[in-house]
Amino acid sequence: ENRIHPLMHTHIKTALIAFLSASILGLSSCARKQDHTWQVLLPVIPPRISTELAGINVELYILMQTHEPLFRTDDGMNFHSGILRDWSRSLDSKQYRFCPDTSLSFDPTRDLSIASFRAQIERITRRFEPAYSITQDSACISLKFAKAQLGYFDFLSLYENAPTLKQEDPRIEAGLGPYKVVDFSAKKVVLVRKTPISDGYNKIILQLYSGPKDPELDNRQITDFNRIPPSDLPGWVKTGYQDIGGSLPKSFNLIINHQDHRIRRIIYGCLDLDGLRRAYFPARNTFHNLMTFLPVGIPGAETGKPAQTCDKSDLPAGDSTPPLIFLNWANDNEAALRRFTRDFSEKTRIPVEIRPITTNDLAVVLLKRPHPYNLLIIALDSVRPDAQAFLDYVITPPGLLDVDLPRATRLYPRLLAEKDPARRKPLTAEIMGEITRQAVVLPLFQDARRFHYPTGIKNINTGNGFQGEYPNIGDLRL
């Protein structure tokens with residue numbers, strides 16, 4: 001599945017864009033009962049809580065607590081459900097039967113009934129394949145398609161397709177997850193468990209991180225520091241928390257948002273890739289190379305560095321080239337980035353203006369045309385092995401670009417409609433080739449990092465689908 005970042009989980013419809021990046025156990029006792037609180041620092045508070053924004057990194061983090069898709073899958077093959085008490089599909093993948101657990105509720109006044117479940121399934125299924133028939137009995141619904149629907153379960157496992165209902169507060173949607181929203185402001189979101197338990201987290205507090213001087217870095221009650229930049233991680237967390245790690249399906253990339261293809265090609269071909277990585281991420285010691293912005297683990301990914309050829313013959317004559325606007329959301333690279341852009345300008349005669357921006361301000365302008373930048377480093381990531389999670393923000397307006405990509409745009413619907421993995425592969429390769437020719441995304445590296453959590457969590461490594469970056473907090477036990 002998919003998220004945004006200067007660190008970005010991509011998926012505007014099915015992807016995840018990762019914002020900057022990345023971001024305990026709070027205990028209060030009352031008589032014999034302990035109320036365990038999960039506290040997390042976020043680089044940005046989303047403007048609303050909606051499945052429509054499931055592709056945004058921090059939004060997905062919240063939705064994984066408040067919402068539940070029809071299925072979850074740990075490996076893309078084996079599916080399990082927290083919503084259905086029974087389900088089946090025919091061998092030819094044309095017929096499906098779903099029997100919901102009607103003890104679940106969206107909120108205190110709206111339970112999951114057969115009628116409401118049918119409405120949700122029809123709303124979701126129409127986006128996948130509008131040609132189907134549906135029947136219903138007292139406990140289950142059945143769907144029938146004219147052709148095999150090989151990707152239907154994958155589609156139903158996306159958080160943007162999770163059952164959801166509008167709330168009285170238009171900023172908040174209610175889902176079938178274990179938690180509900182009880183407080184939502186510009187600096188804090190508070191969730192509480194719908195049905196409290198004695199051995200898990202009954203409350204989640206998500207608060208805005210203000211930067212490396214934030215006093216919350218000394219707060220020993222914070223459970224999750226994994227959403228803040230790794231360079232800001234307190235030393236006591238590194239030594240006192242347990243950690244898990246490995247490569248992530250996340251790529252860091254330079255977005256080249258310029259209408260002149262000649263300028264884009266010069267930036268893509270002449271920019272010192274290693275130098276930019278070191279300048280923008282001075283605290284990193286290792287960079288895992290990528291040929292395209294699809295990270296290893298996503299079909300269509302390639303290892304190695306992108307092919308760069310520095311040809312300045314197309315540079316416009318004279319000194320009339322306006323400065324490139326380079327938005328910088330990092331807080332530890334000002335001097336190094338200034339030196340790098342100065343060297344680039346001397347090499348190419350293209351001036352660069354660095355403009356600092358907070359992640360909150362970036363969140364406001366990131367997905368609106370026209371974008372206020374020519375250069376932006378962003379992380380694209382996904383929680384499912386699907387190239388669509390990475391392509392949406394590059395191809396589908398408003399996305400990250402003001403540059404239209406006509407050929408990729410024509411090919412993309414074919415990729416979305418194709419359910420056969422063998423046929424999707426060459427389509428993905430053709431689209432990626434066109435994006436490379438247009439020089440709008442220069443891949444920098446694939447992310448690999450360690451995640452730190454308190455030692456008291458019993459199933460941090462073996463819990464249902466636990467992922468270091470996106471935990472299902474409701475599944476964790478103490």
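The model is predicted, so local features were required to have a pLDDT of at least 70 and side-chain atom pairs a pLDDT of 80 or more, whereas totals for chains, interfaces and linings use all residues. Residues are numbered from 1 along each chain as its sequence is written, and side-chain values use heavy atoms, with hydrogens and water left out.

Helices (H or I, at least four residues) and strands (E, at least two) are DSSP runs, numbered from the N terminus. Axes are lines fitted to C-alpha atoms, for helices over the stretch in contact, and angles run from 0 to 180 degrees between N-to-C directions.

Strand 7 (residues 84-89) is joined to strand 8 (residues 95-100) by five bridges in the antiparallel sense. Leu 84 is placed opposite Pro 100 of strand 8. The hairpin of strand 7 and strand 8 has five residues between the strands, and in this hairpin Ser 93 adopts a positive phi near 60°. Strand 8 also pairs with strand 12, again in the antiparallel sense, over four bridges. Tyr 96 has Leu 143 of strand 12 as its bridge partner. Contact here means heavy atoms within 4.5 Å.

Across the whole structure, 28 aromatic pairs were found. Rings of Phe, Tyr and Trp (its six-membered ring) pair if their centres lie within 6.5 Å; planes under 30 degrees apart count as stacked, over 60 as edge-to-face and the rest as tilted. Tyr 132 and Phe 145 form a tilted pair, at 6.1 Å centre to centre and with 50° between the planes. Tyr 132 belongs to strand 11 (residues 132-136) and Phe 145 to strand 12 (residues 141-145), so the pair ties together parts that are 13 residues apart in sequence. Tyr 132 is buried, at a relative accessible area of 17%, and Phe 145 is buried at 2%; buried means under 20% relative accessible area, exposed over 50%, and partly exposed in between (1.4 Å probe, protein chains only). The rings of Phe 252 and Phe 281 have centres 5.3 Å apart and planes at 75°, so this pair is edge-to-face. Phe 252 lies in strand 18 (residues 242-256) and Phe 281 in the loop between helix 6 (273-280) and strand 19 (324-328), 29 residues apart. Both Phe 252 and Phe 281 are buried. Ring pairs also link a cluster that includes Phe 71, Phe 79, Trp 87, Tyr 96, Phe 98, Tyr 132 and Phe 145.

Two helix pairs were examined. The axes of helix 6 and helix 7 (residues 334-348) come within 8 Å and cross at roughly 155°. Helix 6 is therefore roughly antiparallel to helix 7; angles under 35 degrees count as roughly parallel, over 145 as roughly antiparallel, 65 to 115 as roughly perpendicular and the rest as oblique. Gly 275, Leu 276, Ala 279 and Tyr 280 of helix 6 meet Ala 336, Leu 337 and Phe 340 of helix 7. The residues of this contact comprise six nonpolar, one polar and no charged. In this classification, Ala, Val, Leu, Ile, Met, Phe, Trp, Tyr, Cys and Pro count as nonpolar, Asp, Glu, Lys and Arg as charged, and the others, Gly among them, as polar.

Helix 5 (residues 261-270) and helix 11 (residues 421-438) pack at about 95°, with axes 8 Å apart, and are therefore roughly perpendicular. Helix 5 contributes His 261, Arg 264, Arg 265 and Tyr 268 to the contact, and helix 11 contributes Thr 436, Arg 437 and Gln 438. One nonpolar, three polar and three charged residues make up the contact of helix 5 with helix 11.

Ala 174, in strand 14 (residues 173-174), is buried, with a relative accessible area of 6%. Its C-alpha atom is 8.4 Å from that of Ser 50, 124 residues away along the chain. Ala 363, in helix 8 (residues 359-365), is partly exposed at 30%. Ala 363 and Pro 46 are separated by 317 residues in sequence and by 8.0 Å in space, C-alpha to C-alpha.

Terms used:
Pairing = 2+ DSSP bridges.
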